[in-house]
Amino acid sequence: MKSIVLLCLIFLVLTSHANDSPKKSVQQHTVVATSGNQSFLSSFIKGGQLYLDIPDHLLDKSILFTCYGRMRRSYMQVAWSKHYGKIVLKRQAISSTSGIILPPSNGLVQMDNILAIFPIETADDTPGHHRVNITDFILRQDIEWPQKMGVSLQNTVPKLSLLLGAKDMDNEVLIKTQRGMIKNKSKVSVPIFFGFGALGPPMESRSFDFRMGFYADEKMEVRFGLKNGAANIARWRLEKKYPDQEISVPIKPITFLISPEVPKKWRPYLKAGIEEWLPAFESAGFKDALVVKEVDSLDQWQAHSIHSNVVYWNQRKYFRGSEYEDYGGTLGHIIDLRTGEILRGDIFMGASERTVCEKYFVRAAPLDKRAQRFPFPDALTGRLFQVIAAHEAGHVFGIMDANFGEYHYPWNKMNDSLWLRIMGHTPSIMNYTRTNNIPQPEDSVPPTLLLQKVGPTDRYNIQWAYTEFPADMSAEDKRDALERMVRWQDSVPWYRFNINQMEVVGPNASDEVVETNDPVKSTKLALKNVKRVIGLIPEVSSGQNEDGRMERLYDKSIQLWNNHMLHVLTLVGGYDIHYKALGQPGDQFIPIPWEDQMEALDFLLENALEAPEWLTEPPFLERTGYSTFPDHVMHYQQKLVLDMLTARRIKRMENLEKIPDQEGLVNAYIERLQDGLFKELKEDFGHVDRRRQEVQMTYIDYLGMVFKQKETVMDIQSRFFVHSDYSKGIMMQHLLDLKKEIENRLKRNKESATSAYWQLCLKKVNSVL
Ligand SMILES: [Zn+2]
């Protein structure tokens, strides 16, 4: 009873906050004007100590506190207050225009939280301002930033911390330090910048919509699944300079500085990558919305100002241990969480030249003569960096990594130059599709059309997020206009957004390959190119005094082969996805036709679980290998078998059985899979290849594991990983059938060369039954 009363009280407190009208919420904290004559904070260093002067008019006003690590960005809204002769720095709760309050600390239901308390330096306490010494706070305190992927200042080592400088800028104070801390079990002293900046008036926000692929304001920190939580999307403040014009220049364009650390020869390509988005912003009504400047020098204070957006060239690739990291790039954001306004966005170009070239080689070498010799010409390598810059720029504008419109481009348009020129081979640069490897050499597709670029869905996304509505338009009309744009997805399927929540639900959600409306057909074409690529490896690797390149290219080709197979597998137990609100007609998840699922299964049995010799035994391996270990192809085959049988896939299939006349699908699937896997049993005990033996044993082992799964799992989330008793029963029946089949065959073919192997198989079956 007591606990019920307590719960009710908590509920009342929570709902009373949540019910604040958005307008009222915003006004709960007053902010500092970004222009005018009133002074902001000012800093000075004396005797190695850092002092801040806080003008009276700034007390209790919300400002932004930022922190810059190498590739991480952190920020929070804070206010300075005076309390009985002391100055208190508080982290504030943020009243979002979406109508909810973002707490000052997870789970804390209060409007602020104390970060630090400072004595007022009385000697300097002149009228109109208060002076505090913040050296300890900046150099030694473990400040807990709210961003999960933000800067971590944990495990401080104070004796390794240094104050390096401070600078007052326009409505901004920046502080440069080197912070001692323990990272990777080592004591290190790393450069960290801090900043205090004024917050402008809140911009007009746009509500989060689960059907669109934009980050919610807090990015990684919030996930609503297939629902709309109270949140804004993250987007820039773009306002038309001439609101009457259909297409106007913005009052303030989004401006990027390409850091001087970017090698000069690549700068024009990074610029071009960002500028690929110009037409997208035009579709939202903005001309020249982006400005990209190449600079030969960049002042460190300007580089860390809240007003700069910098494209960095990750220096890790120049250091041993990380020189060959394979990732493409990443980004950093600083967001005004009241509205979702992106205040600053940085791009970190990660990939090395070697990485981008080798990834291109394994997809496009047969289709692009320039890629048949290393090093590639700069004009090609530069274009590969351009693709990464364009993708990261999409993040900077607020768009997530996702699988936009996949499974809807026609497979037979992937070699059509006209289609590729207008539509590209994937609707969005934000998809992990990579280079188009479906055209055949005889299609003579110009190589520039093989590269991923900003596409129709990217333009659509920017249009939805950035279109400015007339000032006198009612909130309801704006909502309706946005809803109409979301509904364009009904007729243009490649505008659809979907993102893997917990599982790859179907062919709209695959990565690393070109996703078409017929994955089997397009994979057949792509595999022809993978075969050609493997044929090209010896030539591009000759002239090297070691085998590194050959091994890498071969490994990457096998990986790509596997990705193609995983793409086909998405059809099995798969659904087409179209996120919809309840009022929209039709289902969100549309089953892939059963014939297509079985076609995919047959394809995998034939091409993946029986790997072709051109893949497993290329001639160049004879010279370099001395053991069957490691066997990457077999490793992928074994993983594929497990993936074919996971509880989540089988449960999706069980769901299909609810459709009239579709009973018995799980049974039909397991039967067809097992028959295909053990087809040698029907072939009079012919030779069973070494890899096939491992794959067959993996199947039996896995079923054994399924049978051992805990009988009763009460935690609903854990059931995601556990097979139903219904499917366990079907698997058991088929394993019993397999046992009988092996026994019968052994009786008839005692002297067969492989009978010992089948004895082993039988032993394993018996051990798991
Ligand atoms: Zn990304």
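These legends describe close-up views of a predicted model. Local features need pLDDT of at least 70 and side-chain atom pairs count only at pLDDT 80 or more, while totals for chains, interfaces and linings use all residues. Residues are numbered from 1 along each chain as its sequence is written.

View 1. Strands β2 (residues 42-46) and β3 (residues 49-55) are antiparallel and share five bridges. Helices (H or I, at least four residues) and strands (E, at least two) are DSSP runs, numbered from the N terminus. Two strands pair if DSSP finds at least two bridges between them. S43 faces L52 of β3. Two residues separate the strands of this hairpin, and G47 has a positive phi near 60°. Strand β10 (residues 129-133) also runs antiparallel to β3, again with five bridges. Here L52 has V132 as its bridge partner.

**View 2. Strands β11 and β12 form a hairpin.** Seven bridges link β11 (residues 162-169) to β12 (residues 172-183) in the antiparallel sense. A166 sits opposite I175 of β12. Two residues lie between the strands, and N171 adopts a positive phi near 55°.

**View 3. Five strands make an open, mixed sheet.** The strand order is β15-β14-β16-β18-β17. Strands β15 (290-294) and β17 (329-336) are the edges; each has a single partner strand, so one side of each has no neighbour in the sheet. Neighbouring strands are turned by 20° against each other on average, direction ignored. Inside the sheet, β14 (residues 254-258) and β16 (residues 310-313) run parallel and are joined by two bridges. I258 is opposite V311 in β16.

View 4. Helix α8 (residues 378-396) touches β17 and β18, and its direction makes about 160° with that of β18. Axes are lines fitted to C-alpha atoms, for helices over the stretch in contact, and angles run from 0 to 180 degrees between N-to-C directions. Residues are in contact if their C-beta atoms, placed from the backbone, lie within 7 Å.

**View 5. M349 belongs to the largest nonpolar core.** This core holds 175 residues, and L270, M349 and A389 touch the most other members. Helix α13 (residues 548-569) supplies the largest share, ten residues. A nonpolar core is a set of buried Ala, Val, Leu, Ile, Met, Phe, Trp, Tyr and Cys residues joined through C-beta atoms within 7 Å. Beyond four places in sequence, the contacts of M349 include L270, V311, W313, F385 and A389.

**View 6. Helices α12 and α13 pack together.** The axes of α12 (residues 519-541) and α13 come within 10 Å and cross at roughly 175°. The two helices are therefore roughly antiparallel (angles over 145 degrees). Among the α12 residues at this contact are V530, I534 and I537; those of α13 include L553, L560 and W561.

**View 7. L609 is a buried loop residue.** L609 lies in the loop between α14 (594-607) and α15 (613-616). It is buried, with 22 other C-beta atoms within 10 Å. Buried means 20 or more such atoms, with C-beta atoms placed from the backbone. Q637 is 28 residues away along the chain, yet the C-alpha atoms of L609 and Q637 are separated by 5.8 Å. Leaving out residues up to four places away in sequence, L609 touches L604, Q637, L640, L677 and V695.

Note on methods:
A residue is buried if 20 or more other C-beta atoms lie within 10 Å of its own, exposed if 12 or fewer, and partly exposed in between; C-beta atoms are placed from the backbone. Two residues are in contact if their C-beta atoms, placed from the backbone, lie within 7 Å. Angles under 35 degrees count as roughly parallel, over 145 as roughly antiparallel, 65 to 115 as roughly perpendicular and the rest as oblique.
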